[in-house]
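My notes on confidence, sheets, helices and charged pairs follow.

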Amino acid sequence: VVIHNTYAAESQLLNETDRQRLVRLCGKLSGSYDAAEDLAQETLIEAWRHLEKLEEPQGYWQWLTAIARNVCLRWGRKQGQEAARQLKSAGWDEEERIQDEADFELELEHEELVIFLDRAMALLPPQTRTILVDKYIEEFPQSEIAERLRLSEGAVEARLHRGKLMLRKLLSTDLRQEAESLGILIPEEVSWYTTRIWCPFCARNYLLAHIDHTAGQLHYRCSGQCIPTGTIMDGSLNDRYDDLKSPKAILTRGLLALHAHYEQASVEGGKRCNRCGCAVPLKRWTEQQLGYGCGIYMLCPACGDSDSASLWHLALDTAAAQRFWRRHPRMLALPNSELEHEGRPVVLGGFESLDGTARLDVLFDADTYRVLHTGGEQ
C-alpha cells in the first residue's frame, strides 16, 4: 500500500526529472545522500496525504520544498536525539574522542610540511635538490647515488653538506616566517605572529597566533578582528599537543577538544568550574542580550570564571567543519537563520568556500544551541 501511495504521489506531483531534483534537495537539506532517496519518498507520501492543502497547483514545487525541509529537519532531529541517548548511556570520554582525530591532525600537519619543503627545495640548484631527495626522501644508499650521478662518494657527501647548509640558510632568511608558522623553526622570541591560516569567519585576513610553550598557553585571533574580540581560540598548551608542531594542526586539535567540552556540557546542562569546582549551569545568550551574534555561556556563581562560545564557534569546533576547512582553506561563515520545525524553532548556520562551490550546513537546536546535524555540499 505504501509503495502504491508513493507512486500515486509521484504521478500526481512530479515527473522523473523533478523527482531526481527532490532527491538532490533532500540530500542537501539532510547532509546525507545515502538517506536522500528515503527522505524524498517520505516527502512524497506526506505530500500525497495532504494534497488537499495545495491551493495553487503552479506553486507545487515551493509547497513540496517546504514539506521536504520539515521531513529533513525531523530526520536530523531524530539523529541528534539518538546521538544524545547513546552519549548518555555510554558515558563521555573526551580523551578518546580527541584520540580518534589524531590521525587526521597529523596527516594535516604532514601535508603542510610537504608542500612547504617542496617550495624550499625548488629554490636549490637542480643537482643539489636531486641529491637531497635521493638521500633523505628516497633513502637511496650514498654509493648508489654516486653511481647514478657518476660522482665519487666523497663528492656526494660534500654536496649533501652544502645542500643542507643552503636549505638551512633559506629557512632562516627568506622562508623564516613561514618556517616558524609551521613549527620547523622556533620563533626567536615568543610573540604574536602571522600564520598562513585564513580566518574562517571573514575569509579576508590571516590568523595571528601566540604559542608559548614555556607558559603553556596558546592563542589565535583574526588579524582584522572581524568579530568584536577577534578571538578564534584561547587555551592551555598541555601535553595533548606534544606530537604537533604546525599552528593549523594545533588549532584543529584544540577546536575538536572544545567541541567535546561543549557537547558534554550541553548533555549535562553545565559543568564543574575549573577554578573552584562549583556547579555551573549552561545558558544561552541571544543577539538582543549581547548586541552581536548568539551562543552559550557558563558563568560560575562562586568565583566568576566564565566560559562561552558563539554559534559560529560551535559550528567551527565540529569535526565536519574541520574537514571542510581542510578541503577549502579559505571558507566563510554563513549568517545564522532561524527556521520553524513542527512549531519549534531551529537555527541553521555553517560555512561556504570563498569561491561558492561548496558549503557545509550546521543545524542547531534553538532551545539549547546544541549541534543536531552537519552536512550539505562538501
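**Confidence.** I began with pLDDT, the predictor's confidence in each residue, from 0 to 100, and with contacts, meaning heavy atoms within 4.5 Å. This is a predicted model, in which local features need pLDDT of at least 70 and side-chain atom pairs count only at pLDDT 80 or more, while totals for chains, interfaces and linings use all residues. Residues are numbered from 1 along each chain as its sequence is written, and side-chain values use heavy atoms, with hydrogens and water left out.

I looked up the mean pLDDT of the protein and found 79, with 79% of its residues at 70 or more. Residues 1-12 have pLDDT below 50, and I noted 13 contacts in the model for this stretch beyond near neighbours in sequence. Residues 87-103 also stay under 50, and there I noted 25 contacts beyond four places in sequence. A reminder to myself: where pLDDT is low, the predicted coordinates should not be read in detail.

**The four-stranded sheet.** My element names follow DSSP runs, numbered from the N terminus: helices are H or I of at least four residues, strands are E of at least two. I call two strands paired if DSSP finds at least two bridges between them. In what order do the four strands of the open sheet lie? I read S1-S2-S3-S4, with antiparallel pairing. S1 (193-198) and S4 (231-236) are the edge strands, each pairing on one side only. For angles I use axes, which are lines fitted to C-alpha atoms, for helices over the stretch in contact; the angles run from 0 to 180 degrees between N-to-C directions. The twist averages 20° from one strand to the next.

I then followed S3 (residues 217-222), which is joined to S4 by five bridges in the antiparallel sense. Gln217 stands opposite Ser236 in S4. Helix H11 (residues 247-268) lies across S1, S2 (206-212), S3 and S4, and I noted about 85° between H11 and S4.

**The three-stranded sheet.** Here I found an open sheet in the order S7-S8-S9, again with antiparallel pairing. Neighbouring strands are turned by 25° against each other on average, direction ignored.

S8 (residues 295-299) and S9 (residues 306-310) run antiparallel and share five bridges. Ile296 stands opposite Ala309, and Leu299 opposite Ser306. The two strands form a hairpin with six residues between them, and Gly304 in the turn has a positive phi of about 85°.

**Two helices.** The axes of H8 (residues 142-149) and H9 (residues 153-172) come within 9 Å and cross at roughly 100°. That makes H8 roughly perpendicular to H9, a label I give to angles of 65 to 115 degrees. From H8, Gln142, Ser143, Ile145 and Ala146 meet Glu153, Val156, Glu157 and Leu160 of H9. I sorted the residues of this contact into four nonpolar, two polar and two charged.

**Salt bridges.** I count one when a side-chain nitrogen of Lys or Arg is within 4 Å of a carboxyl oxygen of Asp or Glu. How many does a search of the whole structure find? The search gives six. I looked up Glu37 and Arg19, whose side chains meet at 2.7 Å, N to O. This pair links distant parts of the chain, with Glu37 in H3 (residues 36-49) and Arg19 in H2 (residues 16-30), 18 residues apart.

Terms used:
Angles under 35 degrees count as roughly parallel, over 145 as roughly antiparallel, 65 to 115 as roughly perpendicular and the rest as oblique. Ala, Val, Leu, Ile, Met, Phe, Trp, Tyr, Cys and Pro count as nonpolar, Asp, Glu, Lys and Arg as charged, and the others, Gly among them, as polar.
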